[in-house]
Amino acid sequence: MSLPQKEPAAGDTSGRQGRMSAFHFSAVNEIVSPVLRDDHDEMMWEHQALTPSFEFNNAAGRLRSRRNSSHLLRSTSYSGQTYGTSGESGDLDASKDITLFDGEYHSIYVSPAPKGWRGILVLLQSPILLVCIGIFAAFLGLWMDAMILRVTMFHQELASLGFFAFLIFSLAMGGVGTVLVHFVCPQAAGSGLPQMKVALSGVDMREYLSPTCLMVKMAGLVTAYAAGLSIGKEGPFIMMSCCFADILMQMGYFRRVYEDSSKRLEMLSCACAAGVAATFGTPFGGVLFSVEVTSSFYMVRNLPRSFFAALAGAVTIAFLVTDGQYGLFDRSAGLGITDTNFTKVFTYVDAGIFVFIGVVSGVLGAVFISIISVLVRVRDSWFLSLGGPPLLYKRLIVVLVVTIIANVSNFYGDPAWFLHRGSPQKIIDTLFTQSPTREDGALLARSLLTFLPLKYFLTIVCVVVPLPAGIFTPTFVIGGIFGRLVGEAIVVTQFVPTKFEPYEFAIIGAAAFSAGVTRAISTAVIIMEISHNGYLTIPVSISILAAYFTGGRFVENVYDVLISTARLPRLLKLPKAAYDIPTWEVMKTVDKIDFLSADVSYRKAQDMLTSSQEPVFPIVDNTEFMHLIGAVTRSRLKEAIDYCKLKSEALAQDGKQAQKSLMDWRIQFAYRRGGHILSLDDNAECTRTKLTVLMNPSPFQVVEMTTMQRVDAVFRMLKLNNAYVTQAGRLVGVVSRARLMRFLGTATKYRIPGVLRHLSHIFCNVYPDEKHDDANLKNEPNADDYVPIP
């Protein structure tokens, strides 16, 4: 099938312009094609009475003009040239120029704005949604703090009855939580923050955002705390806030936000910020923390909305809580950080201590993440193995064994610490409060010497259990213990002179170790927000940066590691040496992909769905020219085909079967623009039926020579799942997210050598050794090579 060509206008005989126009393609051209035109008896919808016509331009690639659907086409011309042609427009008077978007031009693509009270309700959709998310996060935080306090008090009562009563209760709670997660919602296990990070990258994670997952996550988190496990709540809070936001957006009033994919992701990002703010009790630091740990690319315009949602929760808490006991810190405990000298300065010796705390925290954080990664992989390999007991019994064994270890360690390792300071909030308050006397500080340090390794390894094993569990709060406690030990050691030994108190070193250590594990620089903002002082800003920043770069030298942050161990879709970092690789070396060629033509029937599409498992199918004009004109999802295509099949069977039973089966009719493709349903054939407004297949008329496209640096950037920024590769409009391949993940996973040979490798080359140049040089040359990355992907 050839494209219809128009005769060139008089005076436009340039061969170059004729060749250029031959490469331009538009789906509009196909309205004159007998292959794509619907016969009258096959029309599945009613066209508008006034179908807009189109005006093609000879030299400008057949530009299209459209007026409002209730008006006729406006054809604007001047000086013998059609609007949009090159012509001698520079000689025209500027006053004769016509604005492109003048209120009517292309108005069919603009959504009709509601008026009156309906317009006010539409304008208030986003603010009301953000307020509801913030209030929910606030009430969730208050409820969880109340439950943790009751669980801690009940633990103290059980401890008076003996260890076995305490252990039996913990085992019962751990078993109940495991059975609940296993049978009702397995997606509720774990932190939840890695899953939300994947969801915000554009991957469909709706099974993690269901109402069932919300309820199981809440109940499972309470049972995990009741079992005596060393866990946090920031990850589950983020996931629960996102679940509530997604449920709320599916309601009728907010459905418009839910159907807009970009707007939906923005609201989920705001829910993440509200969840973190509710965990810490610090709205601004919590918002920045959520941006760091959940986003690869962040839209700055969404930052005020996130602050708005977090502040809505903070205001709610301010009215409901009057004693200050909320969040990561107990504001009524009289912390020393609230009564400090604003003029305190640090020396170079103090700076060395800050760097030392940061470096050690970074190393300990890297070890912490590595051990968690190994244990999670071992656990998952055992769960997925066919041998052994059923999966439920395997989950119960892991939970019960970890619960026994945690309770024995807590009860007999240091009973005073666990029974009197079992709540993470009370532990933090003790660490960050100045001791009355030096003897009290020495006694505290003696207890911390045993509590530090206990808390460190206990948190590692507790994170592995298949129950809802966070990470940040335990890491904050571990860092505070380490910093307090360093401060007490300096005070007791007088090894170096310093004006800083041990509790201040505890704050610095807590920020450094949590940053070494999560790689979140915003921890410094959280510290500044809770302390209400600025003198710790530079010390905390120094230690955080030292921990960040030290830990980053060895391993990724804990959330990315958990994403990898859970085998969730994630784009690894593109090596710099692979930036200039063209797309055609990575793409999946067109002969290996399944596609639909614009004239395909329902029966042929059904056969393709049966033989293919692809989630999205490209649509081309025909199999001869292969011009890409759109893409359709599997779910929409299957829905229309199922209805067509049922309708065809019903007609056959009633004896009304036509000469041509309904399954042999052409698929009616249409797309949504500006609140209208437009036909793909002629871009005219039409009525949607159950046989109409909504598709995307503008899938993202790249050319063959587009570099992987740009492809990687657009996938991350636009949250794409597919990018089609075209050549002069013809479909030649596709780069899917899975394809890009495989390329990034096999691109290790592109890694640029690090500092040590460069130093070794310098040493080899000074002291040449042929054997050593040959070995190094074999490992050198070659930017001209690429990793073939089958």
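The model is predicted, so to speak of local features pLDDT of at least 70 is needed, side-chain atom pairs count only at pLDDT 80 or more, and totals for chains, interfaces and linings use all residues. Residues are numbered from 1 along each chain as its sequence is written, and side-chain values use heavy atoms, leaving out hydrogens and water.

Switch to cartoon. The protein chain has 27 helices and twelve strands (DSSP runs numbered from the N terminus: helices are H or I, at least four residues; strands are E, at least two). Of its 790 residues, 50% count as buried (under 20% relative accessible area; exposed is over 50%, partly exposed in between; 1.4 Å probe, protein chains only).

Next, the aromatic rings. The structure holds 18 aromatic pairs (Phe, Tyr and Trp rings, the six-membered one for Trp, with centres within 6.5 Å; planes under 30 degrees apart are stacked, over 60 edge-to-face, the rest tilted).

Select F284 and F307. Their ring centres are 5.1 Å apart and the planes stand at 45°, so this pair is tilted. F284 lies in helix 10 (residues 283-294) and F307 in helix 11 (residues 303-320), 23 residues apart. F284 is partly exposed, at 40% relative accessibility.

Move to F354 and F500, an edge-to-face pair with 5.4 Å between centres and 90° between planes. F354 sits in helix 12 (residues 348-384), and F500 in the loop between helix 17 (472-493) and helix 18 (502-518). Both residues, F354 and F500, are buried.

Finally, select F289, F432, F472 and F476, which ring pairs link into a cluster.
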